[in-house]
Amino acid sequence: MMDVLGIQEHRSSSGIEEISKMCFKGARISSVLIDDGLMLDKIIDTEKHSNYVPFVGRILRIERLAEQILDEGIKFGRCLTLEGFTEVFLDRLKSFSVKAGPTDVSKVVGLKSIAAYRSGLDINTHVTDEEAAKGLDEVLLGGYPVRISNKNLIDYIFIRSLELAMRYDWPMQIHTGFGDKDLDLRHANPLHLRNVLEDERFLDCKIVLLHASYPFSREASYLASVYQQVYLDFGLAIPKLSVHGMTSSFKQLLELAPLKKVMFSTDAVGFPEAFYLGAKRAREVVFSVLRDACNEGDLTIPEALEAVNDIFAENAKALYKIDSTVTSTHVSSTLSKFDNHVIKELNFTQQDTVLVRVLWVDASGQHRCRVVPQKRFNNTVKESGLGLTCACMGMSSAMDGPADETNLTGTGEIRLIPDLSTRCKIPWVMNEEMVLADMHLKPGQPWEYCPRETLRRVSKVLKQEFNLTMNAGFENEFYLLKSQPREGQEQWVPFDTSRYCSSSAYDAASPILHEVINSLQSLNIDVEQLHAEAGNGQFEIALRYTSCFDAANNLIYAREVIRSVARKHGLLATFMPKFALDDIGSGLHVHISLSQNGQNVFAASVGSSRHGMSKIGEEFMAGVLHHLPSLLAFTAPIPNSYDRIQPNTWSGAYLCWGKENREAPIRTACPPGVQDGLVSNFEIKAFDGCANPYLALAAIIASGIDGLRRHLVLPDPIDDNPDSLRGKLQRLPVSLAESVEALSKDTVFDTLLGEKLMVAIKGVRKAEIKHYSENKDAYKKLIHQY
């Protein structure tokens, strides 16, 4: 650690200019408001501060200005009367109201009073001229230099200044709470300001209580909550107080005060290091307090992030009219870094976790979990996993036991090994975490039936053979249902009857959707857009594309969020493909693109392809189209899936592709921002919410690899409704049985995904076919599983 002498030597050799630049940059301060009433032996010119920050403004201390005027009168032998003093004082104040440019460092952005130091905050708002004149005479008897301490004169100066502050829309800063030893703390309680705050003349004059009013922080919070003109600044309390004192004082400010009325200033003076320390401590304290507010349910994480933005930037910018064009880039960069930090930290520093959910998705696409106490998780499970029967990958949606022909039985056990990179706090319930799990024979030895490992394995082949990475973005369609008793039976019906992109449907569901989005954001899952879909009570939430493995992880968590939040609101969210046979089905459309060294290589170079895609992109997509009939066994894995895949329902019923053709099962997409004539990705519409996303994406990659290996070529695109060409186009499988038959003849998946896994998948699909063919109404129970 550098010693004191070493620090002093470094400061001396670097110079105050360099040290100041380093500290202000390190603190990421964008604005400095200088109280020019504070006199020091050595002061850097106000103008020079603009070398350190984008914006410099002045805070005019009214008592100091009054003392300067009186000193000038004594020095030059003028006869000073109250009338003469008032005229000069007001003229001087008015001179600072001249419009200055946004970067003019002489610009006065507010006034300040230290009445608390001199005579206390019990301001007499109706002090008379006679009382003020007697006070002036008393002050002048004290001689040169003048120090104003007479209460009547101080109150008079304060009131006349407040009148001008009203005219020029200047905030009035008021020192409150603790300070130097010449301050009588009993008179520095902001509650004494009631006369000022209740005076009808000053109801629109913005009053800023400085220094968190410590130790009267709760009183200040109360005033900000009941008086619209009161704002709070907690500078000086941070970093002067102890850590506990800083935290408790800031917490007390937030107990009642609106977040839009609280702001921070370092209150640093003299030493550039003090600015850095104040900013650093403030960030730590604000984070700690807002984290607790999130844990206790007072704030959501997005609301906490907005509060950070307001407290450190927006509130002060609005109050002091700081030009946003000067500071916006600096501030947004700072807050972006801070926001990322807050999101990351909040995920792992909430109240003590009690339970951890270990999740996996089986061959039928059902989410399942085991829950363990955190202590056991940390001591044993995160390293050695949980025991699970081998039958887990042989279960269908109809039975919690291994299906025939899967070659999996109740004999034997595997290990669920948590993928700690996916461990996160559950946003919709307190004191729980969740984590996705891999399936291993024993720790470090992946089981060949593991869906997540299958996706990793086939992705590795794509990377090693073609140096390609597949990206994916999912569009989740789901129904929101409400319980409605009918003839003594529980019936689940759509919670509204609005239509596609209906604003009223969105408005009705907005409390739920807001909570869903907030929860997804807390999990670092980006949402592209959401809207009401065409079915009654149906909605869609589109997730931003990312690497296919992360996309699958995000999808699992998104489904968990949507279902759980809906349940909190007394509704049921279902992703099943065809909830109502007479209404629109729900799909899980996936957008696929290819990248190489981080660059999209699915799109063509200009003029290099008649379809707007690269040769690599065409071959990959041709492979997917070629294998689509058998691919449906992964992407549409239950009989109900085929009730959805019907002509004229935008689900893709024929073996074809089209350019922006939403009736085709595969369409190329040219979203906003992509050059006209090029396509950045393709969408697979014959995909639904019962699919295991790891297995489905793995099957898509396997199909694409086959296309690349064999240099397959796409047929011509279909530009019309495929159903109008039904005599010329091949129908996609109309049932799961037809898809499984196609899969049985397709050897590519055996090779790339594994023969044993393929046997299990086909066995599970055959069990689905058998059960739902024998139980015609059994599909209605799927709303509780998907």
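In this predicted model, A573 is in contact with F478, Y479, L480, I562, R563, A566, I783 and Y786, once its neighbours within four places in sequence are left aside. A573 belongs to strand β23, which covers residues 571-574. Is A573 buried or exposed? Its relative accessibility is 4%, under the 20% cut-off, so A573 counts as buried.

**Backbone geometry**

Most residues other than glycine have a negative phi, and most peptide bonds are trans. The table gives exceptions in this chain.

| Site | Feature | Angle | Location |
|---|---|---|---|
| Y144 to P145 | cis peptide bond | omega near -10 degrees | P145: loop between α5 (129-141) and α6 (151-168) |
| I238 to P239 | cis peptide bond | omega near 15 degrees | P239: helix α9 (residues 237-240) |
| S213 | positive phi | about 55 degrees | loop between β5 (207-209) and α8 (217-226) |
| N467 | positive phi | about 55 degrees | loop between α15 and β18 |

S213 and N467 can also be described by their accessibility. S213 has a relative accessible area of 0% and is therefore buried. N467, at 29% relative accessibility, counts as partly exposed.

**Pockets and cavities**

Rolling a probe the size of a water molecule over the atoms shows where empty space is left. The second largest pocket has a volume of about 1,100 Å³. Its lining consists of 45 residues, of which E475, Q529, H591, R667 and E683 are the closest to the centre. Several strands supply at least two lining residues each: β18 (469-486), β20 (527-532), β21 (538-543), β24 (588-596), β25 (599-600), β27 (666-669) and β28 (681-684). By class, the lining of this pocket divides into 14 nonpolar, 18 polar and 13 charged residues.

The largest cavity has a volume of about 80 Å³. Which residues line the largest cavity? They are L359, W360, V361, L436, A437, M439, C450, P451, R452, I556 and Y694. Two or more of the lining residues come from each of β9 (355-361), β16 (432-442) and α15 (451-466). The lining of the largest cavity has ten nonpolar residues, one charged residue and no polar ones.

**The chain as a whole**

The protein chain has 24 helices and 28 strands. Its C-alpha trace spans about 110 × 65 × 55 Å along the principal axes. Of the 786 residues, 55% are buried. The accessible surface of the chain is about 34,300 Å², and carbon and sulfur atoms account for 50% of that area. Among contacts between residues at least 6 apart in sequence, 74% join residues at least 24 apart.

**Confidence**

The mean pLDDT of the chain is 87, and 92% of the residues reach 70 or more. Over residues 329-335, however, the pLDDT is below 50, and this stretch has twelve contacts in the model beyond near neighbours in sequence. Residues 344-351 also stay under 50, with 22 contacts beyond four places in sequence. Where pLDDT is low, the predicted coordinates should not be read in detail.

Notes: Residues numbered from 1 in each chain as written. Predicted model: local features only at pLDDT ≥ 70, side-chain atom pairs only at ≥ 80, totals over all residues. Heavy atoms only, no water. pLDDT = per-residue confidence, 0-100. Contact = heavy atoms within 4.5 Å. 1 Å grid on protein atoms, 1.4 Å probe; cavity = no way out; pocket = protein on both sides within 12 Å on 5 of 7 lines; lining within 4 Å. Points joined across faces, edges and corners; volume = space filled by probe spheres on them. Helix = DSSP H or I, 4+ residues; strand = E, 2+ residues; numbered from the N terminus. Nonpolar A, V, L, I, M, F, W, Y, C, P; charged D, E, K, R; others polar. Buried < 20%, exposed > 50% of the residue type's maximum accessible area, 1.4 Å probe, protein only. Areas by Shrake-Rupley, 256 points an atom, 1.4 Å probe, with all protein chains shown as cover.
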